[in-house]
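Subject: Structure handover

Hello,

Please find the structure below. My notes on it come after.

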Amino acid sequence: MTSLTSETWPQDIYRVLVENRVRQVAYIPDIGHASLIKMCHKSDDMKTVVLTSEEEGVALLAGAWLGGDRGALLMQSSGVGNCINMLSLTRVCRMPLLILVTMRGQWGEFNPWQVPMGQNTNHILTVAGVLTFEVDDKDRIKEAVEAAAKMAFEGPAATAVLISQRIPGAKTFDR
Amino acid sequence: MNSERSKNYPLRRRAVVKELLAQRGDTLVVAGLGATAWDVAAAGDTPLNFTLWGAMGGAVPLGLGLALAQPSRRVLVITGDGEMLMGLGSLATVATQRPPNLAIVVLDNERYGETGMQLTHTAGGADLGAIAAASGIPVCRTVSEKQSFKSVVQQIQKEAGPLFFNIKVRAENLPLVLPPKDGAYLKDRFRFALLGKDAAV
C-alpha cells in the first residue's frame with residue numbers, strides 16, 4: 001500500500017477548497033481523508049467540525065450557507081447512508097452542498113460490512129438528488145472536485161465526488 | 001413512563017416562545033419542525049426565522065453552522081424534545097465547537113405533538129438538560145416554573161454560550177399557526193435579510 005503522506009492528491013483537494021473559499025469543513029474521518037483533514041485543521045481560514053453522524057454535517061452546512069459560509073463535508077461511503085433524510089433539507093431549500101466521499105466496500109475490500117453501502121453509494125446519492133462525480137485516477141481528482149464545487153456553489157446544488165478505493169488503496173490490518 | 005404529569009406543567013409553550021422572542025433584536029432564530037415552528041410563527045413571522053418543516057434532528061447542527069458563520073450575531077435554536085432526541089449527538093458537536101453566540105432552547109412537553117401526542121423518552125428517565133451537560137455544554141438548565149423562566153430570557157441575551165435550556169412545558173394541542181413552507185423561499189429571504197445583495201448566487 002502506498003504511503004498516504006507521499007500522495008499529492010489530498011493537497012490538490014485542499015487547494016480547490018481554498019480556491020472555492022470554503023470556510024467550514026465538517027467530517028467523520030476516513031483514513032483516505034486523514035491528510036486533508038490535517039491540512040484543514042491547520043488553515044486559519046477554515047473552521048473544522050468533527051461530527052457524531054454524517055447527517056449532522058448536512059444540517060451544519062445548511063446553517064453555514066444561511067450565514068454566508070461555504071462548506072465541504074468529508075466522509076467515507078458508509079456515511080452516505082446516514083445522510084438520506086437530511087438531504088431533503090438541501091434539496092427543498094436549494095442549497096449548495098459539496099460532499100467528498102472516500103469509497104470503501106468497492107475494490108479489494110477486506111471488510112464485508114462495508115460492501116452494502118460501498119456498492120450502492122452512487123445509486124443512493126443519485127436517487128436522493130445529489131449530482132455525483134466518480135473518479136478512479138488520482139491525477140483526475142483535482143478536476144473532479146473543481147467540477148463538483150463549481151456545480152455546488154453556482155447551482156446551487158448538492159454534489160458528491162466519489163474517490164475510488166483504488167486510489168488510497170484497500171485498507172488492511174497489516175499495514 | 002409518566003403519562004399524565006406534563007398535562008399539568010405550569011409553563012405554556014406559546015407564552016414561553018413569545019417571551020423568548022419579544023426582545024430578540026437582531027437574533028437569528030432556527031425552529032425545529034412541528035409545534036415549535038408553529039410557536040415561533042405565532043410570535044411573529046420574520047425573514048430572520050428559519051422554521052424547519054422536516055430534517056428532524058437537524059435544528060441544532062443547523063444553528064451551529066449558522067453560529068460559526070456569523071460569530072457577531074446571536075443564534076437561538078428553539079426545538080422540541082422529540083426533535084432534540086433524534087439529534088442528541090449534535091450536543092457533543094456543539095460542546096466541542098463552543099460557539100459563544102449559540103443558545104439552544106428545548107420545549108419539552110414529553111410528547112411527539114404532531115403525531116398523536118405519544119410519549120417521548122423524556123416522559124420516562126431521559127433528562128435532556130443532564131444529557132446536554134454530560135455532552136460538555138458549559139451552561140445547562142432545566143426550568144419548569146414561571147419564576148425561574150424569567151432569568152432564561154436575560155441569560156440568552158447576555159451570557160456567553162453555548163447555552164442549553166430544557167423548558168418543561170404543558171402538553172397541549174394548540175391552533176396551528178403555520179410559517180411559509182417553501183424551503184427555497186425561507187432560505188432566500190433569510191440570506192437576503194442577513195447578507196444583503198451578497199446573498200445572490
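The notes start with conventions, then take the contact between the chains, and end inside chain B.

This is a predicted model, in which local features need pLDDT of at least 70 and side-chain atom pairs count only at pLDDT 80 or more, while totals for chains, interfaces and linings use all residues. Residues are numbered from 1 along each chain as its sequence is written, and chains are lettered from A and ligands numbered from 1 in the order in which they are written.

Contact between the chains

Chain A puts 28 residues into the contact and chain B puts in 31; two residues are in contact if their C-beta atoms, placed from the backbone, lie within 7 Å. On the chain A side, the elements that give two or more residues are β2 (47-50), α3 (54-66) and α5 (87-92). Helices (H or I, at least four residues) and strands (E, at least two) are DSSP runs, numbered from the N terminus. The largest share on that side comes from α3(A), with nine residues. Sorted by class, the chain A side has 15 nonpolar, seven polar and six charged residues. Here Ala, Val, Leu, Ile, Met, Phe, Trp, Tyr, Cys and Pro count as nonpolar, Asp, Glu, Lys and Arg as charged, and the others, Gly among them, as polar.

The axes of α3(A) and α3(B) come within 6 Å and cross at roughly 40 degrees. Axes are lines fitted to C-alpha atoms, for helices over the stretch in contact, and angles run from 0 to 180 degrees between N-to-C directions. The two helices are therefore oblique to each other (under 35 degrees is roughly parallel, over 145 roughly antiparallel, 65 to 115 roughly perpendicular and the rest oblique). Among the residues that meet are A:Leu60 and A:Gly63 in α3(A), and B:Leu64 and B:Leu68 in α3(B). This contact divides into 12 nonpolar, three polar and one charged residue.

Inside chain B

Helix α3 of chain B (residues 59-69) is mostly covered, with 11 of its 11 residues buried. A residue is buried if 20 or more other C-beta atoms lie within 10 Å of its own, exposed if 12 or fewer, and partly exposed in between, with C-beta atoms placed from the backbone.

Strand β4 of chain B (residues 102-108) is also mostly covered: seven of its seven residues are buried. One side holds B:Leu102, B:Ile104, B:Val106 and B:Asp108, and the other holds B:Ala103, B:Val105 and B:Leu107. β4(B) pairs with β3(B) (residues 75-80) in the parallel sense over six bridges, where two strands pair if DSSP finds at least two bridges between them. B:Thr79 has B:Val106 as its bridge partner in β4(B). Six bridges also join β4(B) to β8(B) (residues 163-168), again parallel, and there B:Val105 stands opposite B:Phe165.

Two helix pairs remain. α5(B) (residues 89-97) and α6(B) (residues 128-135) pack at about 45 degrees, with axes 8 Å apart. B:Leu91, B:Ala92 and B:Ala95 in α5(B) meet B:Ile131, B:Ala132 and B:Ser135 in α6(B), a set of five nonpolar, one polar and no charged residues.

α1(B) (residues 13-22) and α2(B) (residues 35-42) pack at about 55 degrees, with axes 9 Å apart. Their contact has four nonpolar, no polar and three charged residues.

Regards
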